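This report is an introduction for a reader who is meeting the structure for the first time. It takes up salt bridges, a surface patch and pockets in turn.

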Amino acid sequence: MAWLRNEDLLQFGKDPPGLELAGYWRRAAVGVPDSARRLLSYLASSLASRGWLAGADSLLVQAVEHLAEPEPQVRADWQLLTERDLISVEQGKVVALAGLLATRPTNLRFALDSHHELHLLGPLAALAVARALGRPGEVRGVCLGDGTTRLTLACDVHGVHARNPESIGLFLPSWDGTIAPSAASTAGGLFADDDALGAWQDLNGDPVGMPIPSMFFGMAAVDLGQQVGEALEGLLNHLPDFD
């Protein structure tokens, strides 16, 4: 598994169930060279402005032209980012970026303004995205339990500061390293209230992970989002260059 380096293997079993992915994304952000961070910022900015990305091969050509970097350097940075799953490619298409953003529709979106929305990988991304991008906005989704109740998280540049309804809770899935972290991050979700969260856990055989009920959301969930968002913010530090 290319995304599991020695430090990741050594860490397994130390993170509580449901926090393995948070630990992984924080570690994946460490030691990424500035040129790779610039490449990742360029891709995220392109997705935010257009709402889609070209195929991986075309993206590489565009990045070489736009970043004015030597092609071997851009390819080396691309390889490093894909090895850490900070760029996830399937069948020649980029499907995920920076542990946060999906290029295909998901049930969680981050509205930057009335014209631009970004699809999110999962509940951890929903908590971290505003801090990571350094952008205020609104996370929009539906209750994973009933599939219909609309939920929103209001975010400033530091992270989530309000939710509607106030009873929102969430479930963070456990990760055993057998699938890519970007794929594992899509599991779990937000819930309208603790009853919906509990019913979903019962229906799904009490899956391994971390439920965060409503009463702990303002502390545990918000703090976790700030921690992961801060780590990923360092990866996307060149976003202002492409505004």
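## Terms and model

The structure is a predicted model, and residues are numbered from 1 along each chain as its sequence is written.

## Salt bridges

Side chains of opposite charge can pair when their charged atoms come close. With a cut-off of 4 Å between a side-chain nitrogen of Lys or Arg and a carboxyl oxygen of Asp or Glu, the count comes to nine salt bridges.

One of these salt bridges joins the side chains of E71 and R75, with a distance of 2.9 Å from N to O. Both residues belong to helix α5, which covers residues 71–83, and because they are four residues apart there, about one helical turn separates them. E71 has a relative accessibility of 40% and therefore counts as partly exposed, while R75, at 45% relative accessibility, also counts as partly exposed.

Which residue forms a salt bridge with R140, the closest N and O atoms being 3.1 Å apart? The partner is E117, and this pair links distant parts of the chain, since E117 lies in strand β5 (residues 117–120) and R140 in strand β6 (residues 137–142), 23 residues apart. Salt bridges that share partners join R109, E117, E138 and R140 into one network.

## A nonpolar surface patch

## The largest pocket

Rolling a probe the size of a water molecule over the atoms shows where empty space is left. The largest pocket has a volume of about 310 Å³, and its lining is made of 19 residues, among which L133, R135, L239, P240 and D243 lie nearest the centre.

Helices α3 (34–50) and α6 (123–133) each supply at least two residues of this lining, and the largest share, four residues, comes from α3. Sorted by class, the lining of the largest pocket holds ten nonpolar, five polar and four charged residues.

## The second largest pocket

For the second largest pocket the volume is about 240 Å³, and 18 residues line this pocket, with S88, E90, V95, A96 and S182 lying nearest its centre.

Which element gives the largest share of the lining of the second largest pocket? That share, four residues, comes from β1, and β1 (87–90), β2 (93–97) and α7 (181–184) each supply at least two residues of the lining. By class, the residues that line the second largest pocket divide into nine nonpolar, six polar and three charged.

Conventions. This is a predicted model: local features need pLDDT of at least 70, side-chain atom pairs count only at pLDDT 80 or more; totals for chains, interfaces and linings use all residues. Side-chain values use heavy atoms; hydrogens and water are left out. Buried means under 20% relative accessible area, exposed over 50%, partly exposed in between (1.4 Å probe, protein chains only). On a 1 Å grid over the protein atoms alone, a cavity is a set of points where a 1.4 Å probe fits but cannot get out, and a pocket is an open set with protein on both sides within 12 Å along at least five of seven lines; lining residues have an atom within 4 Å of a point. Grid points are joined across faces, edges and corners, and a volume is the space filled by probe spheres set on the points. Ala, Val, Leu, Ile, Met, Phe, Trp, Tyr, Cys and Pro count as nonpolar, Asp, Glu, Lys and Arg as charged, and the others, Gly among them, as polar.
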